[in-house]
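Subject: Structure handover and notes

Hello,

Here is the structure for you to look through.

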Amino acid sequence: MDSTSTHTPLPTGKKILITGATGLVARTAAETLAEHNEVWCLGRFSDPEPERRLQDRGIRTRRWDMAGDGLDGVPDDFTHVLHAAVERGEGDFEEVVAVNSVATGRLMTHCRAAEAFLFVSTSALYAPQALDHRYTETDPLGTESAFLPTYPVGKLATEGAVRALAVTLGLPTTIARLNVAYGPHGHGGLPVIFHRLMLAGKPIAVPHDGQHYCSPIHTDDIARHVPRLWAAAAAPATVVNWGGDEVVGVRDLMAYVSELTGVPVDFVPSDATRAVVAYDGTRRRSLVGDCERSWRDGVRQALEAHFPGTVTAGPEAVAGSKREVFHP
Ligand code: NDP
């Protein structure tokens, strides 16, 4: 990625703590920030490969399981914190609420001297509205998810803990409600996960009456935005919807993946869809500016990273029909 962008100057000489860096969302940010800063990553590192890759970039790693570990032995003089680790849960609401809230409380308390704390929340905690509604930060919240019931409950509970500690500790904080993220690392995000279904010959569940829309954001843009989200941190916490510039229908997105890869896509109407939402990006643009990757270019890049050699369509597919895309 272009780490010399004039739009989002990267911090230098800072001491940065990141959780969730082995996953999709925070890995690129960790690697980019490590170019000019001292970066530490906390996690379980159950898969040794991402840990080794992080260490190859000069990043220091430390074991921390949110499910019970304290932070003894971890330095407490970090200037910036990016908290992206999440326990999504497998049906146990009590566990998801307790693990995420308590671990986040421990982390904020330990890093109370930081200049800024960024908590990665989710668009999944908005109450459903019309499929093409553009959600703002003041829209009603709700925690129903047919796909992953514990997830939005855990996130909303943790947002509460984050807001409380931002104020009581006086720790400048941003809560960024991330939309559909995708990119070359980890599980790859929704386009990659759905493409795996396509490869297995399985259908993608869609609503009975139309399609879900989302504001997908590539991890390169996520990495560019992180420093600006730190700059926007405040106590009480700043809350912002964090998505890409373009609003895209999920059917249109996966039809494009099918066009690129030549793998057929089958949509099946269902009550249990993986619901996503589209954002009104006004506040995000005012805080961090625009994105640099178009979704077509970004999805092509992510597919090439996860399925080398699988993209068959030429670059003309990237510049292809825009008529199914809504621009906010
Ligand atoms: P991944 O599933 O790719 O990664 C999860 C991360 O959390 C891993 O780095 C994992 O580290 C860490 N983790 C999980 N459980 C624990 C634990 N008990 N203790 C310590 N670390 C743990 O997540 P994503 O990158 O997709 O998501 C990152 C953040 O972004 C999350 O907060 C998520 O809610 C949010 N988000 C993501 C979206 C997306 O489209 N992907 C959309 C909206 C929000 P390890 O296994 O090495 O310990």
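Buried means under 20% relative accessible area, exposed means over 50%, and partly exposed is what lies in between, with a 1.4 Å probe and protein chains only. Please keep in mind that this is a predicted model, in which local features need pLDDT of at least 70, side-chain atom pairs count only at pLDDT 80 or more, and totals for chains, interfaces and linings use all residues. Residues are numbered from 1 along each chain as its sequence is written, and side-chain values use heavy atoms, with hydrogens and water left out.

Ser215

By the cut-off above, Ser215 counts as buried because its relative accessibility is 0%. Helices (H or I, at least four residues) and strands (E, at least two) are DSSP runs, numbered from the N terminus. Ser215 sits in the loop between β10 (213-214) and β11 (217-218). Contact means heavy atoms within 4.5 Å. If neighbours within four places in sequence are left aside, the contacts of Ser215 include Asn179, Gly243, Glu246 and Tyr279. Between the C-alpha atoms of Ser215 and Val288 there are 15 Å, and the two residues are 73 residues apart along the chain.

The ligand

Which residues come nearest to the ligand? They are Thr22, Arg44, Arg88, Tyr151 and Lys155, out of 29 residues around it. A residue is near a molecule or strand if one of its heavy atoms lies within 4 Å of it. For the sorting by type, Ala, Val, Leu, Ile, Met, Phe, Trp, Tyr, Cys and Pro count as nonpolar, Asp, Glu, Lys and Arg as charged, and the others, Gly among them, as polar. On that basis the shell holds 15 nonpolar, 9 polar and 5 charged residues.

At least two residues of the shell come from each of α1 (24-33), β5 (116-122) and α4 (150-169). The element that gives the most is β5, with 3 residues. In α1, 10 of 10 residues are buried, among them Arg27 and Glu31.

A polar contact is a pair of N or O atoms within 3.5 Å; within protein, one must be able to donate a hydrogen and the other to accept it, and residues adjacent in sequence count only if both atoms are side-chain atoms. An oxygen atom of the ligand lies 3.3 Å from a polar backbone atom of Gly20. For a polar backbone atom of Arg44, the distance to a ligand oxygen is 2.7 Å. The side chain of His187 has an N or O atom that is 2.7 Å from an oxygen atom of the ligand. On its own the ligand has 880 Å² of accessible area, and the protein covers 90% of it. Accessible areas come from the Shrake-Rupley method with a 1.4 Å probe; for residues, only the protein chains shown count as cover.

Aromatic pairs

Rings of Phe, Tyr and Trp (its six-membered ring) pair if their centres lie within 6.5 Å; planes under 30 degrees apart count as stacked, over 60 as edge-to-face and the rest as tilted. The count by this rule is 4 aromatic pairs. One of them is Trp40 with Phe78, edge-to-face, at 5.9 Å centre to centre and 80° between the planes. Trp40 belongs to strand β2 (residues 38-43) and Phe78 to the loop between β3 (60-63) and β4 (80-83), so this pair ties together parts that are 38 residues apart in sequence. Trp40 is buried because its relative accessible area is 7%, and Phe78 counts as buried at 1% relative accessibility.

Tyr126 and Tyr279 also form an edge-to-face pair, with 6.3 Å centre to centre and 85° between the planes. This pair links distant parts of the chain, 153 residues apart: Tyr126 is in the loop between β5 and β6 (134-135), and Tyr279 is in strand β15 (residues 278-279). Both Tyr126 and Tyr279 are buried. Together with Tyr135, they form one aromatic cluster.

Backbone

Most residues other than glycine have a negative phi, and most peptide bonds are trans. The bond joining Ala235 and Pro236 is a cis peptide bond, with omega about 0°. Pro236 lies in the loop between α6 (219-231) and β12 (238-242). Phe45, a residue other than glycine, has a positive phi near 50°. Its place is in the loop between β2 and α2 (48-56), and Phe45 counts as buried at 8% relative accessibility.

Regards
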